Amino acid sequence: MDYQLEKPRHIVRKFQARPQHEGVGAVVRRSIGRFELRYFDPFLVLDEFSVTAPAGFPDHPHRGFETVTYMLEGAVKHEDFQGHKGLIKAGDLQWMTAGRGIVHSEMPAGQGVCKGLQLWVNLSSKNKMIEPKYQEIQSKDIASTSKNGVTVRVIAGESMGIQSPVYTCTPTMYLDFTLKPSSHLQQPIPNSWNAFVYTLEGEGIFGLEKSGPVGPHHLLLLGQGDGLEVWNRSNKVLRFVLIGGAPLGEPVSQLGPFVMNTDEEIDQTVEDFQYFVNGFEKARHWRSEAMVELEA
């Protein structure tokens, strides 16, 4: 790689994400948003999900943050109360800004197992009540490049000279790396950002060359520094995501799918949702097609 790190980040915490049940019959490996790590500013949740029809995530609300869905296998059908609907297929990205409120459904499309990652990115107090919006990019349109045995798909931010078109309300990088055996990576990360790795397949050495290899389904929290260094010493392909963001440094009050700054704002959100006001008006009469089928 052309870039030379001055102070590579080291792993300061590591744990394996174990399967748990979520939604209706879905299985997720949650690494952020669990009891060991409630919040890693600005990240609220990271789930590696696996779901097979008829299981899924039927109609549910959000307020105050963004959900980033990145499909690894299969496809998910998305619907919301504003009439937005579509398929998120393997390799596709949906960056949804819930803002002041959305009610939506995420259900498997077709037979077979659907797998992916869902990341929740917190919004600053000034952005929590903005209008909902979507950024959706098909797999073929995600910025990607390869060099010296390293391939990167740039979901957000930039890497290896290419940049994602995705706009992030909270400054965020989201990089999907694949390293062939014997390859080596140095990826810059802004010094002031929090950053972590989530491993998907293979095993790699992260941060310090003399440290032991890490296998799939591990969350690696990175310490301070100007970037990440990775080696693939194995004879198999290594795949992981590197995610980083500018910390907001604001108080967090969370009740399930609602994330605000104070308990009073959470109480107001619950009331808004119950009475279908302040962004939840369309929830009064809306049911997703998937929910109608489930209830039939």
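How much of the chain over residues 28–121 is helix, and how much is strand? I found 0% helix and 66% strand there, with the end C-alpha atoms 18 Å apart. Helices (H or I, at least four residues) and strands (E, at least two) are DSSP runs, numbered from the N terminus.

I noted that this is a predicted model, in which local features need pLDDT of at least 70, side-chain atom pairs count only at pLDDT 80 or more, and totals for chains, interfaces and linings use all residues. Residues are numbered from 1 along each chain as its sequence is written, and side-chain values use heavy atoms, with hydrogens and water left out.

I looked up the annotations next. UniProt, in an unreviewed entry, places "domain: Pirin N-terminal" at residues 28–121. The UniProt record also gives a "binding site" at H60, H62, H104 and E106. These residues are spread over 47 residues of sequence, yet they cluster in space, with a largest C-alpha distance of 12.7 Å. UniProt positions are given in the numbering used here, feature names are shortened, and annotations may be inferred rather than shown by experiment.

I then examined H62, which lies in strand β5 (residues 57–62). H62 counts as buried because its relative accessibility is 1%; buried means under 20% relative accessible area, exposed over 50%, partly exposed in between (1.4 Å probe, protein chains only).

H104 counts as buried at 0% relative accessibility. Leaving aside neighbours within four places in sequence, H104 is in contact with residues including H60, H62 and W286; contact means heavy atoms within 4.5 Å.
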